[in-house]
Amino acid sequence: MPQYLESRMQITNYILLFITFLLGGCRGNSDNNNRKYTYTSENGSYEPKMEEYIYSPFGCPFQVTFLSKPTISTESFLDNINILRAESAHLEIDSEKSFVRAEFIAPKKKIDLKNSMREVLKKYAFANGLTNTIIDFHQNELGNIFKLEGYKTLKIENESIAITYTAECYSDGNVIFVLYGGCPSESYPSNSINNFYESIKKK
């Protein structure tokens, strides 16, 4: 099974591996923490079946819900010199050929929202080779939100696949919480990406 996110400089390669992974199958995840259950009956007995995983790193004022337990790491696409701590979680949804990711970043200094957040998303777009990118800003009950949309074409086994990527960046000036989602453009946005973005809330 491929190992994803070996370094923050390999994000573009990660997308290629992810598409290959989708074509080849899906692995399972299990964990005893942060998950919701439904119960199935077999021969009169009930056993838990894992469904959703609520992800909220320590010190983060936000939480988001994954369809199942994501892979969690301490990698960040930003320069580690400028951050105190970083953590990310990602999940591939084979049934919808979709990818979702959340990243928590604690900068060393309070950030200038309007300038710094745009730079965060520009770096992400550049690292992934996204084209025709659009960055927008708005506010709601969750605070300041920057949104990114971009596109990339991958060639898998001589077939070109157009991918649409989006990101939503939330910040209160002290921390950054970014949600990412991507899938083939012909089916974007998938239900899993919509549900992922809509699940974010403050603690």
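Trainee: Is Phe66 buried or exposed?

Mentor: This is a predicted model. Burial is read from relative accessible area, and under 20% counts as buried. Phe66 has a relative accessible area of 1%, so Phe66 is buried.

Trainee: Which ring pairs with Phe66, and in what geometry?

Mentor: Tyr170 brings in the pair to start with. Phe62 and Tyr170 sit 5.7 Å apart, centre to centre, with 50 degrees between the planes. That pair is tilted. Both of its residues are buried. Now your ring. Phe66 pairs with Phe196 at 4.9 Å centre to centre.

Trainee: Which parts of the chain does the Phe66 and Phe196 pair link?

Mentor: Phe66 lies in strand β3, and Phe196 in helix α3, residues 191-198. The two are 130 residues apart. Phe196 is buried too, with a relative accessible area of 2%.

Trainee: Why does the pair of Phe62 and Tyr170 tie together separate parts?

Mentor: Phe62 is in strand β3, residues 62-66, while Tyr170 is in strand β9, residues 159-171. The partners are therefore 108 residues apart in sequence.

Trainee: How many aromatic pairs are there, and which residues cluster?

Mentor: The whole structure has 10 aromatic pairs. One cluster holds Tyr55, Phe62, Phe66, Tyr170, Phe177, Phe196 and Tyr197.

Trainee: On to the sheet. In what order do the strands run?

Mentor: Strands of a sheet pair through backbone hydrogen bonds, either parallel or antiparallel. Here seven strands form an open sheet, ordered β4-β5-β6-β10-β9-β8-β7, with antiparallel pairing. Neighbouring strands are turned by 15 degrees against each other on average, direction ignored.

Trainee: Over how many bridges do β8 and β9 pair?

Mentor: Strand β8, residues 143-156, pairs with β9 over 13 bridges, in the antiparallel sense. For one of the contacts, take Thr153: its bridge partner in β9 is Ala162.

Trainee: Which strands does helix α2 lie across?

Mentor: Helix α2, residues 113-127, lies across β7, β8, β9 and β10 (176-184). Its angle to β8 is about 10 degrees.

Trainee: Last, cysteines. How many disulfides does the structure hold?

Mentor: Check sulfur distances, with 2.5 Å as the limit. The structure holds zero disulfides. Cys60 is buried, with a relative accessible area of 3%. Cys183 is buried at 1%.

Terms used: Residues are numbered from 1 along each chain as its sequence is written. This is a predicted model: local features need pLDDT of at least 70, side-chain atom pairs count only at pLDDT 80 or more; totals for chains, interfaces and linings use all residues. Side-chain values use heavy atoms; hydrogens and water are left out. Rings of Phe, Tyr and Trp (its six-membered ring) pair if their centres lie within 6.5 Å; planes under 30 degrees apart count as stacked, over 60 as edge-to-face and the rest as tilted. Helices (H or I, at least four residues) and strands (E, at least two) are DSSP runs, numbered from the N terminus. Buried means under 20% relative accessible area, exposed over 50%, partly exposed in between (1.4 Å probe, protein chains only). Two strands pair if DSSP finds at least two bridges between them. Axes are lines fitted to C-alpha atoms, for helices over the stretch in contact, and angles run from 0 to 180 degrees between N-to-C directions. Contact means heavy atoms within 4.5 Å.
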